[in-house]
Each structure stands twice: as structure tokens, then as C-alpha cells.
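Biologist: I am new to reading models. Please take me through this one, feature by feature.

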Amino acid sequence: MWIDTHCHLDAAEFGGTSLQVAEQAAQAGVTGIVVPAVHKSNFETVIQLGQQRSDCFYALGIHPMYVPTSKEEDLLLLRQKVDSLMAGEDADQKLVAIGEIGLDYFVPALTESPLREKQEYFYVEQLKIARDFDLPVLLHVRRSQDIILKHLRRIKVRGGIAHAFNGSQQQAEAFIALGFKLGFGGAMTFTRALQIRRLASELPLESIVLETDAPDIPPHWLTAGANSPSQLPQIGNVLAELRQMDKAQLAAATSANALDILPRMQRA
């Protein structure tokens with residue numbers, strides 16, 4: 001089995017065919033898809049996807065690229081939503097994490113005041129929500145690994161996934177030491193992505209999970225915007241080749257890692 005730990009299944013690029021896309025992935029051997037929210041406007045959509053398919057799970061959070069259009073009261077809404085979903089005997093086990101949250105220092109406007117400070121504020125406040133509800137986090141870490149790590153050392157959460165990891169060996173080890181898994185996907189399939197491929201080959205297998213980030217970060221055999229969760233087995237095959245191991249064993253190991261870091265998936 002294969003688990004896609006990060007897929008924007010509700011994205012507009014899928015043209016309203018999210019359920020069909022998920023079914024195609026299931027037929028390809030993908031047994032679990034984690035769908036992170038990015039803004040309050042898609043909280044309900046990802047929740048519905050989790051409720052409509054047994055193999056779909058979701059995370060709630062505000063993505064750093066949506067911070068400019070978000071308000072402080074959206075953080076309160078997120079906290080209240082998580083509280084209601086986790087309350088009592090009817091708690092929704094399909095809610096598996098807080099995410100997608102983090103910092104983006106690639107987009108120039110987000111690196112300048114006041115958005116740089118607002119981004120960091122939203123990240124920190126969402127870490128507190130994850131801590132208070134004992135949920136893992138799905139982290140966006142684009143050119144921001146060290147600042148992300150600084151706050152993780154200060155605000156203790158129950159681990160999570162550094163999505164689309166593209167940092168150094170030292171940064172990878174720092175995330176692992178804090179109980180995190182590292183997400184690898186389409187970028188790993190490009191032969192010129194030397195650093196990512198080296199990390200995917202050499203890091204401890206128990207620290208690696210697979211993802212597509214569909215419809216984004218397509219593997220080398222697809223054009224931009226055409227990625228889908230059904231590509232995960234083929235992406236996984238690339239990792240198996242890099243690590244010189246059996247594909248079935250690789251699938252089992254990375255899926256076990258996903259269930260370990262997102263334990264509510266096991267109970268749903």
C-alpha cells in the first residue's frame with residue numbers, strides 16, 4: 001500500500017472531480033490520502049472529502065501564502081473548529097493534523113515587513129493550537145528551515161511532517177531529532193535534484209514519508225499542474241531505485257512511517 005501524506009485534492013485544477021481523482025489513486029494502489037487545508041475558505045471542503053471517502057483524511061490550517069488575506073480572528077475560528085471536531089465520543093478521527101502551516105521565504109513579498117512578521121505570528125499561533133490539541137503538524141518549509149526549527153524547539157508539538165523537504169543534511173537531522181518525518185515527492189524524480197536525491201537515498205528510512213503535493217510539484221514525466229495522487233506509486237518506485245530496495249518493502253515502510261507520525265489515521 002502507498003500513503004500520500006500531502007495532496008491538495010480539493011484544488012481548482014481538479015475541476016470538481018476530486019472524488020474521481022481519489023478513486024483513480026485507489027485503483028493505482030494508494031490506500032490513504034491526506035488533504036491539508038490552506039485557508040478558512042476550504043476548511044469545510046477538506047472536511048467533506050474526509051467524510052466522503054474512507055481513504056481520505058484531512059488537516060486544518062492556514063498556509064503561509066494565504067496569511068496576507070487572513071485575519072487574526074481566523075486563528076480563533078481554526079481553534080474553535082478543531083475543538084468541536086475533537087470533542088466527545090463523536091470526535092472525527094479523520095482530522096489527523098494541523099496544516100498546512102509554516103513559513104515561505106521564497107515569495108519576495110512574504111519576506112518583507114509587515115508580512116514577514118504576520119507570517120511568523122500565524123505559524124507560531126498554529127503551533128500552539130497543535131500543541132494544545134496534541135496534534136502533529138504538516139509544515140511548509142520553503143527557504144525557512146532554521147526559523148521553523150527555532151519555533152519548534154520553543155513550542156513542543158507531537159512531531160509531524162516537513163513537507164517537500166529541500167534543506168541540508170544538518171537541518172534534516174534537526175527535524176528528525178524533534179520527532180519529525182520528511183516528505184519526499186515529485187522533485188526527487190529529477191536527476192538534477194542532487195541534494196534531494198542524496199537525502200532520500202541516505203536518510204534513515206524510518207524518517208521518510210511520500211507525498212505528491214498534487215496538483216503541484218509534478219514528477220519529471222508530467223507537465224506542470226498535471227500531478228495527481230495516482231502518481232504516488234511511480235514516485236515511490238523512484239525512491240526504491242535510489243535506495244536499491246524492493247518496491248513492496250519501500251511501500252510498506254513509508255506507509256508505516258505515515259501511520260506512525262499521523263496516528264489518528266490508524267483509528268479512523
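Modeller: Start with two helices. H8 and H9 (residues 247-261) pack at an angle of about 110°, with their axes 9 Å apart. That makes H8 roughly perpendicular to H9 (65 to 115 degrees; under 35 is roughly parallel, over 145 roughly antiparallel, the rest oblique). This is a predicted model: local features need pLDDT of at least 70, side-chain atom pairs need 80 or more, and totals for chains, interfaces and linings use all residues. Residues count from 1 along each chain as its sequence is written, and side-chain values use heavy atoms, without hydrogens or water.

Biologist: What are the axes, and what do H and E stand for?

Modeller: Axes are lines fitted to C-alpha atoms, for helices over the stretch in contact, with angles from 0 to 180 degrees between N-to-C directions. Helices (H or I, at least four residues) and strands (E, at least two) are DSSP runs numbered from the N terminus.

Biologist: Which residues in H8 meet H9?

Modeller: Gly236, Asn237, Leu239, Ala240 and Arg243 in H8 do; their partners in H9 are Lys247, Leu250 and Thr254 (contact: heavy atoms within 4.5 Å). Nonpolar means Ala, Val, Leu, Ile, Met, Phe, Trp, Tyr, Cys and Pro; charged means Asp, Glu, Lys and Arg; the others, Gly among them, are polar.

Biologist: At what angle do H7 and H8 cross?

Modeller: The axes of H7 (residues 194-202) and H8 (residues 232-243) cross at roughly 70° and come within 8 Å. H7 and H8 are therefore roughly perpendicular to each other. On the H7 side are Arg197, Ala200, Ser201 and Glu202; they meet Val238, Leu239, Leu242 and Arg243 in H8. The contact of H7 with H8 has four nonpolar residues, one polar and three charged.

Biologist: Now the sheet. In what order do the strands come?

Modeller: Strands of a sheet pair through backbone hydrogen bonds, either parallel or antiparallel. Here eight strands form an open sheet, ordered E1-E2-E3-E4-E5-E6-E7-E8, with parallel pairing (at least two DSSP bridges per pair). E1 (2-4) and E8 (208-210) are the edge strands, and each pairs on one side only. From one strand to the next, the twist averages 30°.

Biologist: Over how many bridges do E4 and E5 pair?

Modeller: Six bridges, in the parallel sense, link E4 (residues 95-104) and E5 (residues 137-142). Asp104 stands opposite Arg142 in E5. Helix H4 (residues 115-132) lies across E4 and E5, at about 160° to E4.

Biologist: What volume has the largest pocket?

Modeller: About 830 Å³. A pocket is an open set of points on a 1 Å grid over the protein atoms alone, where a 1.4 Å probe fits, with protein on both sides within 12 Å along at least five of seven lines; lining residues have an atom within 4 Å of a point. Volume is the space filled by probe spheres on the points, joined across faces, edges and corners. Of the 37 lining residues, His140, Arg142, His163, Asp213 and Ile217 are closest to the centre of the largest pocket. E5 gives the largest share of this lining, four residues. The lining holds 16 nonpolar, 13 polar and eight charged residues.

Biologist: Which peptide bonds are cis?

Modeller: Most residues other than glycine have a negative phi, and most peptide bonds are trans. The bond from Gly99 to Glu100 is cis, with omega near 10°; Glu100 sits in E4. Another cis bond joins Ala214 and Pro215, with omega about 10°. Pro215 lies in the loop between E8 and H8. Asp213 is also in the loop between E8 and H8, and its phi is positive, near 55°.
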